[in-house]
Amino acid sequence: MAERVIPVVDQRSTVLVPTVRSGVPAAPSGELADLRGRPLRDLRISVTDRCNFRCSYCMPKEVFDRNYRYLPHDDLLRFEEITRLARLFMAHGVRKIRLTGGEPLLRKDLERLVAQLAGLRTVEGRRPDLTLTTNGSLLARKARALKDAGLRRVTVSLDSLDDAIFRRMNDMDFPVADVLAGIEAAQAAGLERIKVNMVVKRGTNDHEVVRMARHFRGTGITLRFIEYMDVGATNGWRMDEVLPSADVIARLQAELPLVPLAATAVGETAQRWGYAGPDGRHDPRLGEVGVISSVTQAFCGDCNRARLSMEGRLYLCLFATQGWDLRRLLRGEVSDAQISAAIADIWQGRSDRYSELRASLPAEAGAGQRRVEMSYIGG
Ligand code: SAM
Ligand code: SF4
Ligand code: SF4
């Protein structure tokens with residue numbers, strides 16, 4: 001597909017304008033494949049660029065200060081626009097939808113969007129696996145309404161149980177007790193398979209790894225350790241602050257025996273480990289942990305994730321430097337069939353595999369690139 005690159009006036013990344021085909025496009029087959037044969041299964045939708053935390057690895061205060069220009073409300077996709085796109089993506093094979101941000105619970109009336117998305121169906125006629133990633137700060141207030149609207153699962157980010165460390169890491173002096181209350185509210189509301197994500201930063205919270213594991217072991221909540229990533233261009237990432245997942249597992253193994261578990265789905269980001277019982281086998285009552293090794297072990301080979309920004313740009317990789325402007329189509333005189341065909345063209349032209357290439361890139365690679373921020377496409 002011919003691509004037209006608009007000169008960059010945007011701070012976030014290069015904007016690409018999808019080609020709208022004339023004539024009658026082919027109906028979606030539900031089985032798109034990109035240039036590496038990867039299907040499209042997972043759509044991550046960022047609903048806001050705002051956040052009430054300033055995690056240094058994501059939205060450092062020095063950059064995201066009072067002079068930072070967030071998007072005006074009219075630039076954000078409306079819920080009906082998001083749902084229209086989600087429906088078209090699902091016809092191409094998407095089964096899982098994750099709402100993210102910024103902090104998604106800051107978007108007003110989010111439960112209205114959840115209800116609309118919960119009403120969609122996969123190509124197999126099933127409900128989407130609808131989930132949300134949140135910092136948990138507003139979860140105690142919103143868990144019930146989200147569940148009632150049709151949210152099935154939730155992932156809460158929590159980097160430490162130590163109040164002082166947690167307050168420092170969110171850099172807004174937000175207490176850990178309120179996030180724990182949010183997790184409890186999610187459980188009480190009946191949200192399933194709750195996960196907690198901990199970004200491990202060596203020298204900052206890595207000594208909390210075992211304590212976090214002990215806290216969530218046997219609760220039905222799956223804790224996942226995420227390697228601190230070089231995403232965006234503002235967090236001052238350094239390799240020596242990454243604690244490799246292998247080290248996380250070794251530290252856990254020393255105190256809490258683990259056994260490797262098989263992946264449950266192709267393209268799963270986390271490697272799973274189950275807590276072993278006295279017989280050395282996985283004891284499901286104790287649950288499991290996951291490690292997401294985006295830095296030390298690339299998993300691009302199965303990556304089936306597309307990302308939609310709050311202003312309607314489609315990104316094909318977390319480390320993308322360019323995004324496709326779907327909002328232009330939504331707000332133009334463009335039919336569903338044409339938007340659907342544009343999405344197919346874009347996915348079929350995808351070859352992204354940043355994590356696989358990271359090691360071979362020169363250290364300064366990306367320095368001049370407008371790599372998109374995590375708070376913009378949501379992880
Ligand atoms: N605000 C919500 C939250 O924190 O859960 C959703 C958006 S946040 C960008 C999504 C996930 O990305 C969070 O789990 C966060 O910890 C993770 N994240 C952000 N920056 C990261 C980085 N540099 N490396 C690894 N994970 C990161
Ligand atoms: Fe906000 Fe989530 Fe980024 Fe932290 S990780 S600054 S909570 S968007
Ligand atoms: Fe997918 Fe890009 Fe991450 Fe590779 S680097 S797993 S292609 S998002």
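User: How does H1 pass H2, with a right-handed or a left-handed crossing?
Analyst: In this predicted model, H1 passes H2 in a right-handed crossing.

User: At what angle do the axes of H1 and H2 cross?
Analyst: The axes of H1 (residues 79-91) and H2 (residues 110-118) cross at roughly 25° and come within 10 Å. H1 and H2 are therefore roughly parallel to each other, as angles under 35 degrees count as roughly parallel.

User: Which residues meet there?
Analyst: H1 contributes Phe79, Glu80, Ile82, Thr83 and Ala86, and these meet Leu110, Arg112, Leu113, Gln116 and Leu117 in H2. By class, the contact of H1 with H2 has six nonpolar, two polar and two charged residues.

User: And H9, how is it oriented to H1: roughly parallel or oblique?
Analyst: The axes of H1 and H9 (residues 336-348) cross at roughly 60° and come within 10 Å. H1 and H9 are therefore oblique to each other. The crossing of H1 past H9 is right-handed.

User: Which residues of H1 does H9 meet?
Analyst: Arg84, Leu85, Arg87, Leu88 and Phe89 are the residues of H1 in this contact, and on H9 they meet Asp336, Ile339, Ser340 and Ile343. The contact of H1 with H9 divides by class into five nonpolar, one polar and three charged residues.

User: Let us turn to H6 and H7. At what angle do their axes cross?
Analyst: The axis of H6 (residues 209-216) crosses that of H7 (residues 245-253) at roughly 65°, and the two axes come within 9 Å. H6 passes H7 in a right-handed crossing.

User: What makes that contact?
Analyst: On H6 the contact is made by Val209, Val210 and Ala213, and on H7 by Val248, Arg251 and Leu252. The residues of this contact of H6 with H7 comprise five nonpolar, no polar and one charged.

User: Changing topic: how many salt bridges are there in the whole structure?
Analyst: A search of the whole structure finds 27 salt bridges. One of them joins Lys61 to Asp171, with the closest N and O atoms 3.8 Å apart.

User: Where do Lys61 and Asp171 lie?
Analyst: Lys61 is in the loop between strand S3 (42-46) and H1, while Asp171 is in the loop between H4 (163-170) and H5 (176-189), so the pair ties together parts that are 110 residues apart in sequence.

Note on methods: Residues are numbered from 1 along each chain as its sequence is written. Chains are lettered from A and ligands numbered from 1 in the order in which they are written. This is a predicted model: local features need pLDDT of at least 70, side-chain atom pairs count only at pLDDT 80 or more; totals for chains, interfaces and linings use all residues. Side-chain values use heavy atoms; hydrogens and water are left out. Axes are lines fitted to C-alpha atoms, for helices over the stretch in contact, and angles run from 0 to 180 degrees between N-to-C directions. Helices (H or I, at least four residues) and strands (E, at least two) are DSSP runs, numbered from the N terminus. A crossing is left-handed if the near helix is turned anticlockwise from the far one by less than a right angle, and right-handed if clockwise. Contact means heavy atoms within 4.5 Å. Ala, Val, Leu, Ile, Met, Phe, Trp, Tyr, Cys and Pro count as nonpolar, Asp, Glu, Lys and Arg as charged, and the others, Gly among them, as polar. Angles under 35 degrees count as roughly parallel, over 145 as roughly antiparallel, 65 to 115 as roughly perpendicular and the rest as oblique. A salt bridge is a side-chain nitrogen of Lys or Arg within 4 Å of a carboxyl oxygen of Asp or Glu.
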